[in-house]
Amino acid sequence: MVRFTVLASGSRGNSTVLSGGRTRILVDAGLSCRELFRRMRLAGEDPATLNAIVITHEHQDHVNGLAVTARKLGIPVYFTEGTHRAWMRWLSPRRQMSYAQWLEMVRKQAAERQAEPESEVLEIDPPDDLNQDSPDEMAVENWVQTAPTSSDPAPESVLEPPCEPAPDPASGRPPLVKDDPTWLPAVEYFRSGQPFSIGDICISPFTIPHDAADPVGFVFSSEGVRLGFATDLGYIPPNVKEQLRDLDLLLLESNHDLEMLRDGPYPWQVKQRVLSRVGHLSNDAASAFLSEDYDGQAAYIILGHLSENNNLPELARVAAERALLGRASLLANRLQLAAQHEPLSAISF
Ligand SMILES: [Zn+2]
Ligand SMILES: [Zn+2]
């Protein structure tokens, strides 16, 4: 059986559980480890059975609980190399370092660990300049993440201590997380355009236009079921349209209503960024795809990454329903809206 459960979708956190055959993966980890586990249990999924985490891009709402969750479960994280580097730069306390300098630092720290077998630093201390995000700041999509500065709030993965790290398989000792906030149990790289497999799930990553280092969407396939995953994209270019065909399920961004965004509370620059070709997909843009390019094959369409400030679920739904008029294959109850604050019911094939 193939099962798809959106745990959260929106600018305050994104995460989805997908299982196929004997394999279960988490796509993005944008909530805290604790909240991810809570929502998984709520959705009837056991966190302990996850095999891997796959990341679309490094924006905070997609990686907030990544390090803690991966350590807690001792499972590998799949990134593109560009996304992994960007994530490490974001987490690194010395943000002015080059990647080469950072690698050197990590090597040094590893050598020091070897030399100090008695060391045991388990918990992560918050940095002195810690500022908690206000909800409103969080809601300015991923704006702050595109240009990190020394005053950026520290990411939650550095702040949250409740999930202790798994032991280093080589030494059997816990990793010195205090020294290396980017430590993960295992990292695997994939490349856009090059399909790969995790257990029984085949994954085809494709490039999407978004202001991140190397952002991707995915088509997952397992047991003959194909699921498309495309959020966080400024527009839908031909290569993405090409990917979003012959699907059984499509998760598509429907981020904002253009008028609400234009008249809304965001600063001008943020509005420009959201509207740009590397920003987020509007209800109109999602609808244009559904009416003009979509092949009508999917049994389910889920609208996701809805802005809480610049959209209303009903506006997104009505726009998509209008676009799908005449698509007899898509019953009304098969157009769904993913929510920010609670999991969507699991969809099974
Ligand atoms: Zn996002
Ligand atoms: Zn993003």
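Predicted model: local features only at pLDDT ≥ 70, side-chain atom pairs only at ≥ 80, totals over all residues.
Seven strands form an open sheet. The order is β7-β8-β9-β10-β11-β12-β13, and the pairing is mixed. Which strands stand at the edges? They are β7, residues 196-198, and β13, residues 335-337. Each has a single partner strand, so one side of each lacks a neighbour in the sheet. From one strand to the next, the twist averages 20°.

β7 and β8 run antiparallel, with β8 covering residues 201-207. How many bridges join them? Three. Find I198 on your screen; its bridge partner is I201, in β8.

Next, the two aspartates. Take D28 first. You will find D28 in the loop between β3 (23-27) and α1 (33-42). Its phi is near 70°, a positive value in a residue other than glycine. Is D28 buried or exposed? Count the other C-beta atoms within 10 Å: there are 28. The cut-off for buried is 20 or more, so D28 is buried.

Then D232. D232 sits in the loop between β10 (225-230) and α8 (238-243). β10 is one of the strands of our sheet. The phi of D232 is near 60°, again a positive value in a residue other than glycine. D232 has 30 other C-beta atoms within 10 Å, so D232 is buried.

Notes: Residues numbered from 1 in each chain as written. Chains lettered and ligands numbered in written order. Helix = DSSP H or I, 4+ residues; strand = E, 2+ residues; numbered from the N terminus. Buried ≥ 20, exposed ≤ 12 C-beta atoms within 10 Å, placed from the backbone. Pairing = 2+ DSSP bridges. Axes fitted to C-alpha atoms, helices over the stretch in contact; angles between N-to-C directions.
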